[in-house]
Amino acid sequence: MKNSFFMSIEGPDGAGKTTLINLLLPHLEEKLGDDLVSTREPGGVRISEKIRDLVLGVEYPEMDGRTEALLFAAARSQHLVEVILPALKENKFVLSDRFVDSSIAYQGAGRELGVKEVADINKFATRNIEPDFTIYLDIPSEIGIQRIMANRTDEVNRLDKDALNFHIKVRSAYLKLAEDNPTRIFTLDATKTPEVLTQEALELINKQLEKGDYL
Ligand code: TYD
């Protein structure tokens, strides 16, 4: 009997999360076929997309930190209900690009709203659903910032503007989350090449799948 499997990939800006996911997907598709559901917040869900425009738009510099945290949590709730939960119910393998850890790191620590406070509103938003397994891509803040500046192709969003100091707080929170959740969060050194990271991530995923009776 196959169980559902829910994994997330996390990391500060510039860690190479998108690159890794793009390299991982063909391997996972080959292995899992139709059982793979790859999603990213806001997940193409109409309400969550609207919220994302609101929260990341440069046109709202007056946005209060708590408003921001609540909006991320609201977008997450809708994405969970429309995409993640139905897939888990069908025993799919769900890969989510970011989940609650992002809010804890960015809003809780980065915006200094409090890790516990942000975790609490997200418990409400997610009905206490947590990933079974999380890969955290760790990058020293100076390197993360350099990469963002060098690789910039997307639009600069409102949250990018705080740069190094913000990045350091976000990274520290991720490291603490990884330390506090050693059976869920596995840290990879994101200064390694994308190819090496892909292999390391695949090994971790395979181990989890064997352990969790997924296949
Ligand atoms: P994302 O779309 O994952 O962009 P990237 O792939 O470039 O990391 O996230 C966009 C920004 O939103 C990013 O700076 C992280 C931030 N973010 C939060 O601050 N809190 C959250 O809960 C989430 C999901 C993202």
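In which helix is the place of glutamine 107? Glutamine 107 belongs to helix H4. The model is predicted, so local features require a pLDDT of at least 70 and side-chain atom pairs count only at pLDDT 80 or more, whereas totals for chains, interfaces and linings use all residues. Residues are numbered from 1 along each chain as its sequence is written, and side-chain values rest on heavy atoms, with hydrogens and water left out. Helices (H or I, at least four residues) and strands (E, at least two) are DSSP runs numbered from the N terminus.

Glutamine 107 is buried, at a relative accessible area of 2%. Here buried means under 20% relative accessible area, exposed over 50%, and partly exposed in between, with a 1.4 Å probe and protein chains only. The side chain of glutamine 107 is joined to that of glutamate 68 by a polar contact of 2.6 Å. A polar contact is a pair of N or O atoms within 3.5 Å; within protein, one must be able to donate a hydrogen and the other to accept it, and residues adjacent in sequence count only if both atoms are side-chain atoms.

The axes of H3 (residues 65-89) and H4 (residues 100-110) come within 11 Å and cross at roughly 175°. These axes are lines fitted to C-alpha atoms, for helices over the stretch in contact, and the angles run from 0 to 180 degrees between N-to-C directions. H3 and H4 are therefore roughly antiparallel to each other, a class that takes angles over 145 degrees, while those under 35 count as roughly parallel, 65 to 115 as roughly perpendicular and the rest as oblique. On the H3 side the contact is made by Glu68, Ala69, Phe72 and Arg76, and on the H4 side by Val100, Ser103 and Gln107. Contact here means heavy atoms within 4.5 Å. The residues of this contact comprise three nonpolar, two polar and two charged. In this grouping Ala, Val, Leu, Ile, Met, Phe, Trp, Tyr, Cys and Pro are nonpolar, Asp, Glu, Lys and Arg are charged, and the others, Gly among them, are polar.

In H2 (46-56), the buried residues are Ser48, Ile51, Val55 and Leu56. Seen down the axis of H2, they fall within an arc of 110°, so they line one face of the helix. The arc is that of the directions from the helix axis to the C-beta atoms. The buried residues of H2 pack against H3, while Arg46, Lys50 and Asp53 are exposed on the other side of H2.

In H6 (residues 141-151), Ser141, Gly144, Ile145 and Ile148 are buried. Their arc around the axis is only 95°, which puts them on the same side of H6. Helix H7 (163-180) is included in what covers these buried residues. The face of H6 turned away from the buried side carries the exposed residues Gln146, Ala150 and Asn151. An α-helix has 3.6 residues a turn, so residues three or four places apart point the same way.

## Lysine 169 and its surroundings

Lysine 169 lies in H7 and is partly exposed, with a relative accessible area of 23%. Not counting residues up to four places away in sequence, lysine 169 touches Ala109, Gly110 and Glu112. Lysine 169 and alanine 109 are 60 residues apart along the chain, yet their C-alpha atoms are separated by 5.8 Å.

| Partner of lysine 169 | Partner group | Distance |
|---|---|---|
| Glutamate 112 | Side chain | 3.1 Å |

Glutamate 112 is found in the loop between H4 and helix H5 (115-126). At 59% relative accessibility, glutamate 112 counts as exposed. Its phi is near 60°, a positive value in a residue other than glycine.

## Further loop and helix residues

Asparagine 91, in the loop between H3 and strand E3 (93-97), likewise has a positive phi, near 60°. A cis peptide bond with omega of about 10° joins glutamate 41 and proline 42; proline 42 is in the loop between E2 and H2.

Aspartate 34 lies in the loop between helix H1 (17-32) and strand E2 (36-40) and is exposed, at 70% relative accessibility. Glutamine 208, in helix H8 (residues 194-211), is buried, with a relative accessible area of 9%. Residues up to four places away in sequence aside, glutamine 208 touches Phe5, Phe133 and Phe186.
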